[in-house]
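Here are some notes on the structure you sent. They cover a helix pair first, then the chain interface.

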Amino acid sequence: MKFGERIKQRRTAMKLTLDQLAQATDSSKSYIWELENKNPPRPSAEKLAAIAKALDVTLDWLLGSDEQTLEAAEDKAFFRAYSHMPEETRRQLREMAKILGAKKDT
Amino acid sequence: MLDAVWGADRFDRKPMDMASLALEYSLQTAPDEAIEVVEERHLPGCVGALVYGDAKPRRWGILYDKGQSPGRRAFTIAHEFGHYILHRHRVDEDHSLADGFYCDDEAVIQRDGIGIEEEADTFAADLLMPLHDMRGQIAGGRRADFDQLGKLAERYGVSLEAVIIRWLEYTETRAMLIVSNEGFAKWAKPSRPALRSGRYIRTKNEVFELPAMACAVTRDFTAVTKSGIDQAAGIWFSEPVIEMCFRSDRYDQEYTLLHFERQRDWSLDEEPQPDCVDRFAGNNS
């Protein structure tokens, strides 16, 4: 899950509107919306910290860094191509490629 | 070709079964390198993929993410089938395809991919919603509403979004779709005549807040707003529009269709050369 989804999930669970979270973090409403929906590539670290505080979570949780795992070296090629994909997706695609990699029974 | 096999009235009977078509067509035309599986998997961040094994001749498989509606699933499978038909020969030359084709929702649902993604989208749209049949259902000069478009979505077995995007590609009327959530536009797409008259909304690198009077903002979701209300000049644009709006709880977003009143000045009587606005907005829509 990307940080945008986490912010939205947490905000709606706390029944906060975009406006309320914007006010609590001294941000604009459109910036909060952008963070939630567009996952901009370089979000402001300062704002994210303020949001984490307002949502009563850690910055690590917001960024999902506690979930990240590294791939085994033998899967290097896959890892390069899929590095922006969640681990589960990479696993599923590898598994199917393996099944299809077996020689055809003739 | 498919009209010849199944009859020109085939869509009157049923939409296409994409999974069977992909399996059977590939087996008939390329028995050595056929698509052997079309399967649902849990693929977060990815709506569909075309994968293959290392052994040659290659064996192919199409995977699609869980939880897609039947309409979205049909488009996803058609898109991956498009990669198979159009691009499978490239995997030996193009190193970036060494792990197969995998496609996110921006490329498949918003039809906003570039290069091979765009080609696969066009392939899928042509296959599922042939223009000659669709024009027979809603003529190019006619203004469409959500009920008509919804009926077409059923006819072709695709999502409402896919049908609206397709309609916007051929309509001669000036119209625009805006998909929004909590008062901001996630993405928007104008018809070509609308774009050429300067009517478009940028959503790629900017955040567009819907006007306070828009039904999606006032949350006025009724049969009346779905079939269309008049919005005065200055609310959306400097000219009046007919606004049609409804909300999808399933996808947690609102769909707004704008129809611009004046049509005559922008009729498509000749093929226009894209100017810099077209090029810019085309990259952005």
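1. Contact here means heavy atoms within 4.5 Å. Helices (H or I, at least four residues) and strands (E, at least two) are DSSP runs, numbered from the N terminus. In chain B, α4(B) meets α6(B) through residues including F75(B), F81(B) and L86(B) on the α4(B) side, and I116(B), F123(B) and L128(B) on the α6(B) side.

2. The model is predicted: local features need pLDDT of at least 70, side-chain atom pairs count only at pLDDT 80 or more, and totals for chains, interfaces and linings use all residues. Residues are numbered from 1 along each chain as its sequence is written, chains are lettered from A and ligands numbered from 1 in the order written, and side-chain values use heavy atoms, without hydrogens and water.

3. Helix α4 (residues 70-87) and helix α6 (residues 116-128) of chain B pack at about 120°, with axes 8 Å apart. Axes are lines fitted to C-alpha atoms, for helices over the stretch in contact, and angles run from 0 to 180 degrees between N-to-C directions. The residues of this contact divide into 13 nonpolar, four polar and three charged. Ala, Val, Leu, Ile, Met, Phe, Trp, Tyr, Cys and Pro count as nonpolar, Asp, Glu, Lys and Arg as charged, and the others, Gly among them, as polar.

4. Now the interface. On chain A, 31 residues are in contact with 34 residues of chain B. Five salt bridges cross between the chains (a side-chain nitrogen of Lys or Arg within 4 Å of a carboxyl oxygen of Asp or Glu). R11(A) pairs with E182(B) in a salt bridge, the closest N and O atoms being 2.6 Å apart.
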